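My notes follow in the order in which I looked things up.

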2 protein chains.
Amino acid sequence: MLSDIEIAQKAKLHHIKEIAAQLNVAEDQLEQYGKHKAKLPLSLIDDEKAAKSNLILVTAITPTPAGEGKTTTSIGLADGLAAIGKKVAVVLREPSLGPVFGIKGGAAGGGYSQVVPMEDINLHFTGDFSAIEKANNLLAALIDNNIQSKTRSLGIDPRTVLWKRCMDMNDRSLRKIVSALGGKSGGIPMETGFNITAASEIMAILCLSNNLEDLKDRLGNIYVGDTFSGKAVYARDLKAQGAMAALLKDAIKPNLVQTLENVPAFIHGGPFANIAQGTNSVIATKMGMSLADYVVTEAGFGADLGAEKFFNIKCRNAGISPRAVVLVATIRALKYHGGKALSELKEPDAEAVKAGSENLRKHLETIASFKVPAVVCVNRFQADTDEEVEALKSVCQEYGVEVAVSDGFVKGGEGTKGLARAVIGALGRSGEGFRPTYDLKDPVREKIEKVCKTVYGAKYVILSNKAKSQLRRFEELGFGELPICIAKTQKSLSDDEKLLGRPVNFDIHIREFEIAAGAGFLIPIAGNILRMPGLPGIPSAEGMDIDANGNISGLS
Amino acid sequence: MLSDIEIAQKAKLHHIKEIAAQLNVAEDQLEQYGKHKAKLPLSLIDDEKAAKSNLILVTAITPTPAGEGKTTTSIGLADGLAAIGKKVAVVLREPSLGPVFGIKGGAAGGGYSQVVPMEDINLHFTGDFSAIEKANNLLAALIDNNIQSKTRSLGIDPRTVLWKRCMDMNDRSLRKIVSALGGKSGGIPMETGFNITAASEIMAILCLSNNLEDLKDRLGNIYVGDTFSGKAVYARDLKAQGAMAALLKDAIKPNLVQTLENVPAFIHGGPFANIAQGTNSVIATKMGMSLADYVVTEAGFGADLGAEKFFNIKCRNAGISPRAVVLVATIRALKYHGGKALSELKEPDAEAVKAGSENLRKHLETIASFKVPAVVCVNRFQADTDEEVEALKSVCQEYGVEVAVSDGFVKGGEGTKGLARAVIGALGRSGEGFRPTYDLKDPVREKIEKVCKTVYGAKYVILSNKAKSQLRRFEELGFGELPICIAKTQKSLSDDEKLLGRPVNFDIHIREFEIAAGAGFLIPIAGNILRMPGLPGIPSAEGMDIDANGNISGLS
């Protein structure tokens with residue numbers, strides 16, 4: 001089989017105005033970025049139409065390092081729905097350059113289930129991440145400048161400044177730095193650092209805003225730190241929100257591209273799910289729902305991370321609800337959770353599948369807690385045996401959940417028609433919206449406990465002394481009724497990445513908090529999770545190239 | 001009179017395909033970015049056609065903090081040439097966000113001589129700066145990762161790493177940092193810092209490359225530092241150039257926009273002239289010359305910085321030469337150089353103009369040293385008196401140089417027809433290419449002395465001990481035959497910003513060197529010049545805003 005990039009480069013792309021026409025969007029409403037990308041105006045959002053659309057969330061079991069193929073499945077499912085005659089759009093996140101140059105590679109799907117032009121989507125795209133970075137780093141410069149300058153000093157205590165810079169790069173050296181060295185002209189030295197852009201509050205704000213005014217309000221509400229006399233300082237006190245919003249004037253508009261089978265794909269916003277809310281922008285989801293009858297979307301990593309935040313943060317904030325959830329699993333991952341080593345996953349072992357299904361059970365129970373019907377999708381690999389698939393099916397039968405096998409990677413939409421039909425079936429069993437895990441009025445500690453116990457299966461939640469004192473401060477400042485966005489490893493249901501399967505009798509340790517007052521959530525940081533990744537020993541950047549004609553290779 | 005942004009927002013823009021059509025570029029060759037911006041393919045460069053085009057360089061006397069209006073004059077001159085029936089394009093640099101949010105504001109011209117859409121051009125534009133930043137910072141991450149990782153360690157000595165990160169922001173706190181703190185997982189702590197993107201080597205490389213292959217070669221040639229055993233390490237040793245070039249795949253293509261009078265404008269690349277080579281990309285200049293009979297371009301700050309580097313670095317590298325030079329002066333600035341305070345510049349004072357013309361004389365002599373005919377352009381302000389203009393004219397008469405008054409700011413092309421005719425006259429006196437200030441085979445120290453003496457009017461050049469030892473190393477490594485790109489204040493011909501007019505009997509102090517082995521030049525750093533600016537007490541970011549409909553205000 002060809003590589004992802006080879007398949008993508010052989011694709012017959014339609015002009016983006018033809019893709020838009022499928023959604024009844026006229027050419028003059030497009031801001032074209034070349035022939036195959038466009039930004040769309042926010043005026044296309046229509047809440048009444050959106051309320052009638054069928055939103056389908058694709059999530060996954062706890063993934064292996066290679067991922068379960070949620071994006072691939074989402075794209076495949078959209079192609080499958082189109083193949084059985086439905087008016088559909090897929091709505092996804094934008095890839096981050098960190099993983100592209102690191103270990104995971106791009107995030108535009110795989111095989112015959114991809115969004116294209118994949119090189120553009122994976123590399124810089126329409127510049128949204130960069131605009132987010134600039135808005136984030138402008139605020140940092142304005143804060144430090146206010147501390148340095150006498151002209152209109154707010155009296156900010158540099159020791160209290162929580163705002164970090166960000167960069168869309170896996171760069172461990174920037175995690176923790178001392179800035180502003182070099183004497184008086186260099187400013188006041190501070191302990192600070194960079195988060196990866198996908199984990200920045202500006203990314204979260206962009207993804208949760210309903211329009212430009214809402215965006216600007218949220219930017220103004222960013223909590224920066226305190227004055228020497230203990231007064232909270234917000235971005236609006238620095239008059240930062242106007243310039244920051246101006247920087248985001250294009251980034252707020254969703255991007256339209258297409259799948260390999262010319263199905264419309266919205267790609268907008270890109271927060272990670274382990275260290276941020278993990279789902280594309282509200283604006284793109286609502287636009288998709290305004291223009292298509294079926295909208296497939298995904299939320300990052302396992303259902304403990306992406307799906308939980310999708311429901312409790314995004315859907316609650318946007319007033320939307322999915323009508324079905326697809327839980328993606330691979331036979332490989334089930335064996336991994338069942339105790340097989342990464343190097344042995346190609347060996348058939350139905351017993352390991354059964355043992356590993358404990359992890360799947362937990363995620364099915366989590367989805368059930370949201371009261372939305374589920375379908376399990378087996379993202380098929382060549383090595384999977386019928387016996388292994390049957391083992392999985394018998395587990396799902398216990399839950400009354402249908403299992404569909406997806407061959408989207410090898411066959412595109414032709415390989416996902418069965419999945420599409422199973423999803424249509426599930427949509428028929430949909431109720432009236434979802435049930436959240438916690439109430440916003442619950443005390444913060446209770447919200448954390450509800451997520452940790454209901455979704456992760458934890459026994460206790462332990463807050464460090466630092467976390468406790470931060471929490472007191474945040475509650476004083478009136479942030480107690482915000483939803484929570486727990487930063488936790490994606491490798492385990494627990495905060496210890498070594499605990500595979502369905503761990504029991506474990507505690508969750510909240511090391512510290514961050515606050516995203518503008519985005520509107522509190523971030524309890526669990527275990528050792530870092531908000532700026534590093535590169536691996538052999539970064540994939542090494543294998544990438546571009547020839548004299550501009551053809552890119554080595555990008556997957 | 002309306003503000004710049006009000007004028008720009010009232011402009012009647014033509015669709016970018018109509019602007020391209022003026023240059024005989026077909027619609028399907030455009031990569032549209034919305035309706036009013038496009039990227040053009042490098043295949044439009046035609047060296048034979050370019051050789052017949054008339055390249056006109058716009059430079060200036062030593063500017064006041066407000067600038068002399070070179071960009072405004074360049075745009076006005078292009079409009080004026082179009083108004084007298086010439087097929088013309090203007091080729092400019094892209095604005096940096098640093099000045100936009102700092103003190104100077106945007107860089108898209110002013111009054112009725114602007115390029116549009118000015119908001120887009122000033123904010124993010126087509127993403128070129130961000131792509132440059134990413135390529136720069138990917139290399140930084142790969143270097144630090146190689147030091148951290150055992151997998152394929154090159155044995156880089158972290159104390160020798162010269163590569164800095166960059167950010168397009170005025171942020172003094174990033175000038176000097178200690179990175180990679182936090183223990184083993186954070187890497188090896190290093191003293192490092194950020195340059196502003198306009199001063200980064202990647203910007204220089206992008207602007208000097210002739211095509212994608214040349215770009216990749218130059219990226220591979222970036223000198224990173226040394227191994228513990230003293231061996232030089234280049235970006236190619238880290239296999240970085242392929243991924244870096246892939247990140248720059250769109251940034252290498254020139255951007256087409258238009259002036260307020262719908263004249264084609266290429267805007268591509270944006271190095272500063274005080275801390276970098278100060279002129280737009282070779283690719284854009286050559287493309288403009290391939291498509292238009294007259295090409296107006298500018299080089300940053302005074303002729304001591306922008307013009308010197310334009311000739312000795314860019315033109316020599318690209319094998320091109322301007323056929324005329326326009327030296328922009330304002331009556332205000334001449335009075336400033338003649339001893340008036342910034343607050344008194346509106347008071348008529350022909351004597352101060354005469355005294356301040358010493359600065360203009362030096363720049364005229366510099367231009368004469370390149371053997372290219374000059375025209376002096378008075379960029380008119382309302383307060384200018386006829387007597388003051390006459391004082392300036394009498395100085396220029398001594399040099400046999402014509403003086404034209406430009407009213408482009410107030411009247412657009414209608415106000416620059418006289419300037420356009422004067423330039424056409426000068427083109428008729430053009431010789432066979434320019435004479436450089438130094439030979440590439442001159443020893444480095446001699447190159448520096450030739451520029452400092454011929455162009456700045458300095459007496460001696462003094463190298464610090466650090467600079468001397470760096471120079472020895474760079475010569476050992478074979479960089480001795482590169483041109484030089486001196487980093488020096490723009491506020492004086494000397495390296496002391498307080499010395500206005502035409503200083504004499506001064507020395508130039510070279511504090512240290514940087515090397516841009518990929519771009520292909522050595523950077524002697526003179527005096528206290530910094531390669532990362534700071535924000536002023538009241539940053540212009542504070543006054544910027546965007547309304548619910550996306551209309552931006554407070555950007556000038």
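**Entry 1: the largest cavity.** I started with the helices around the largest cavity. In chain A, helix H7 (128-148) and helix H10 (241-247) each supply at least two residues of its lining. I noted here that the model is predicted.

How much space lies in the largest cavity? I found about 240 Å³. Next I checked which residues are the closest to its centre. From chain A they are A:His124, A:Thr126 and A:Gly127. From chain B they are B:Thr126 and B:Gly127. The lining has 28 residues in total. I sorted them by class and got 14 nonpolar, six polar and eight charged residues. Then I searched the whole structure, and the search gave seven cavities of 30 Å³ or more.

**Entry 2: a patch on the surface.** I turned to the outside. Which residues form a nonpolar patch there? I listed A:Met1, A:Leu2, A:Tyr112, A:Phe409 and A:Val410. Together they have about 450 Å² of accessible area.

In chain A, A:Tyr112 sits in the loop between strand E5 (109-110) and strand E6 (113-116). Its relative accessible area is 32%. Exposed needs over 50% and buried needs under 20%, so I wrote down A:Tyr112 as partly exposed.

**Entry 3: two cis bonds.** I went on to the peptide bonds. Most peptide bonds are trans. The bond from A:Val116 to A:Pro117 is cis, with omega near 5°. I placed A:Pro117 in the loop between E6 and helix H6 (118-122) of chain A.

Then I checked chain B. The bond from B:Val116 to B:Pro117 is cis, with omega near 0°. B:Pro117 is in the loop between strand E6 (113-116) and helix H6 (118-122) of chain B.

**Entry 4: positive phi.** Last, I looked at phi. Most residues other than glycine have a negative phi. A:Asn24 has a positive phi, near 60°. I found A:Asn24 in the loop between helix H2 (16-22) and strand E1 (31-32) of chain A.

Is A:Asn24 buried or exposed? Its relative accessibility is 62%. The cut-off for exposed is over 50%, so A:Asn24 counts as exposed.

A:Phe301 also went into my list, with a positive phi near 55°. I traced A:Phe301 to the loop between strand E15 (294-298) and helix H12 (303-318) of chain A.

Notes
Residues are numbered from 1 along each chain as its sequence is written. Chains are lettered from A and ligands numbered from 1 in the order in which they are written. This is a predicted model: local features need pLDDT of at least 70, side-chain atom pairs count only at pLDDT 80 or more; totals for chains, interfaces and linings use all residues. Side-chain values use heavy atoms; hydrogens and water are left out. Patches are made of residues with over 30% relative accessible area and no salt bridge: like charges are joined within 9 Å, nonpolar side chains (Val, Leu, Ile, Met, Phe, Trp, Tyr) within 5 Å. Accessible areas come from the Shrake-Rupley method with a 1.4 Å probe; for residues, only the protein chains shown count as cover. A salt bridge is a side-chain nitrogen of Lys or Arg within 4 Å of a carboxyl oxygen of Asp or Glu. Helices (H or I, at least four residues) and strands (E, at least two) are DSSP runs, numbered from the N terminus. Buried means under 20% relative accessible area, exposed over 50%, partly exposed in between (1.4 Å probe, protein chains only). On a 1 Å grid over the protein atoms alone, a cavity is a set of points where a 1.4 Å probe fits but cannot get out, and a pocket is an open set with protein on both sides within 12 Å along at least five of seven lines; lining residues have an atom within 4 Å of a point. Grid points are joined across faces, edges and corners, and a volume is the space filled by probe spheres set on the points. Ala, Val, Leu, Ile, Met, Phe, Trp, Tyr, Cys and Pro count as nonpolar, Asp, Glu, Lys and Arg as charged, and the others, Gly among them, as polar.
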